[in-house]
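Please read them with the structure open.

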Amino acid sequence: MHKSNCLLCGSPQIYSTEPANYTCSLCQAQFESEAACEQGHFICNTCHSSSANELIEAVCVHSTSKKPLEMAISLMNAPCISMHGPEHHFLVPAVLLAAYYNQTGDIKEKERKIKVARQRAGNVLGGFCGFYGACGAGVGTGIFISLITDSTPLSQETWGLANQMTAESLRCIGALGGPRCCKRDTFMALKTAKKFVKQKFQGYLDVPDSITCEFNEFNQECLEEKCPFHSRETL
Ligand SMILES: [Zn+2]
Ligand SMILES: [Zn+2]
């Protein structure tokens, strides 16, 4: 997906020579702009450069996409999302919840759970991967399963599922070795969530089997050819 594609639906941007009136899809304020997406979505400059978690929440609440990886990559291209940073701990459950509830059509539930995911992900601090042995992208998949199953510490089967989800993500993320890469770990977490949801819930998450990372040039510690998402063409 190209950098300038719409954050909400993935459509290309359309540019006109005359500014027109648009309502920001996120804050609902009115603006004049020369650009909007093919579907008429427009995101104002203030929203686009808000804090990382603010943007992730607003985009995932308003998005109609059923494609978590596509949503993750377009968010990763926004200037407020760092190459590496704890916002990825929220990004993972947010795009999974958005895609999941955009499929079921329960939009109220989606909004409520994305807000809860943001609070929970806020407890998973930066550096958790190396210091606590629990990568936040992996924990994010556990937050996702906990929320879609309404799990609590007293739940039975769903308690097990949420913990198994995190375990499976961390197993796949850990198998690749470090140094940490929030892009690699996010891609692996999304792929693992797709498999888990299919296996345990007979559900579907639209995450492609083959993912090519477009962020490696920004990562000084990139594993390069040892990373399964590294683009071979750039070698
Ligand atoms: Zn759009
Ligand atoms: Zn706005």
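1. K183 sits over the face of F215, 5.2 Å from the centre of the ring. This is a predicted model, and the distance of 5.2 Å for K183 and F215 is computed from its atoms.

2. The structure holds six aromatic pairs. In one of them the ring centres of F31 and F42 are 6.0 Å apart with the planes at 50°, so the pair counts as tilted. It links distant parts of the chain, since F31 belongs to strand β2 (residues 30–37) while F42 is in the loop between β2 and α1, eleven residues apart. F31 is partly exposed, at a relative accessible area of 29%, whereas F42 is buried at 10%.

3. A second pair to look at is F128 with Y132, where the centres are 4.2 Å apart and the planes are at 15°, so this pair is stacked. Both residues belong to helix α6 (residues 128–132); because they are four residues apart, about one helical turn separates them. In general, an α-helix has 3.6 residues a turn, so residues three or four places apart point the same way.

4. Which protein atoms are the donors of the zinc ion (ligand 2)? They are the SG atoms of C24, C27, C44 and C47, lying 2.3 Å from the ion. Along the sequence these donor residues follow the spacing C-x2-C-x16-C-x2-C. The angles subtended by the four donor atoms run from 103 to 115°, which makes the arrangement around the zinc ion (ligand 2) tetrahedral. For reference, the ideal angle for four tetrahedral donors is 109.5 degrees.

5. C27 has 38% and so counts as partly exposed.

6. In helix α2 (residues 52–62) the buried residues are A52, L55, I56, E57, V59, C60 and V61. A glutamate, E57, is among them. The cover over the buried residues of α2 includes the helices α1 (45–48), α3 (68–76), α4 (87–104) and α5 (107–122).

7. Helix α8 (residues 157–175) has 19 residues and spans 27 Å from its first C-alpha to its last, close to the 27 Å expected at 1.5 Å a residue. After α8 comes G177, which has a positive phi, near 75°.

8. The buried residues of α8 are T158, G160, L161, A162, M165, T166, S169, C172 and I173. Among what covers them are α7 (136–148) and α9 (182–201).

9. T166 is one residue of α8 to inspect. Its relative accessible area is 17%, so T166 is buried. Leaving aside residues up to four places away in sequence, T166 touches G138, V139, T141 and G142.

How values were computed
Residues are numbered from 1 along each chain as its sequence is written. Chains are lettered from A and ligands numbered from 1 in the order in which they are written. This is a predicted model: local features need pLDDT of at least 70, side-chain atom pairs count only at pLDDT 80 or more; totals for chains, interfaces and linings use all residues. Side-chain values use heavy atoms; hydrogens and water are left out. Helices (H or I, at least four residues) and strands (E, at least two) are DSSP runs, numbered from the N terminus. The expected span of a helix is 1.5 Å times one less than its number of residues. Buried means under 20% relative accessible area, exposed over 50%, partly exposed in between (1.4 Å probe, protein chains only). Contact means heavy atoms within 4.5 Å. Donors are N, O and S atoms within 2.8 Å of the metal (3.2 Å for Na, K and Ca); water is not among the atoms, so sites may look incomplete. Four donors count as tetrahedral if all angles lie between 85 and 135 degrees; four count as square planar and six as octahedral if opposite donors are over 155 degrees apart and all others between 65 and 115; anything else is irregular. Rings of Phe, Tyr and Trp (its six-membered ring) pair if their centres lie within 6.5 Å; planes under 30 degrees apart count as stacked, over 60 as edge-to-face and the rest as tilted. A charge sits over a ring if NZ of Lys or CZ of Arg is within 6 Å of the ring centre and within 35 degrees of the ring normal.
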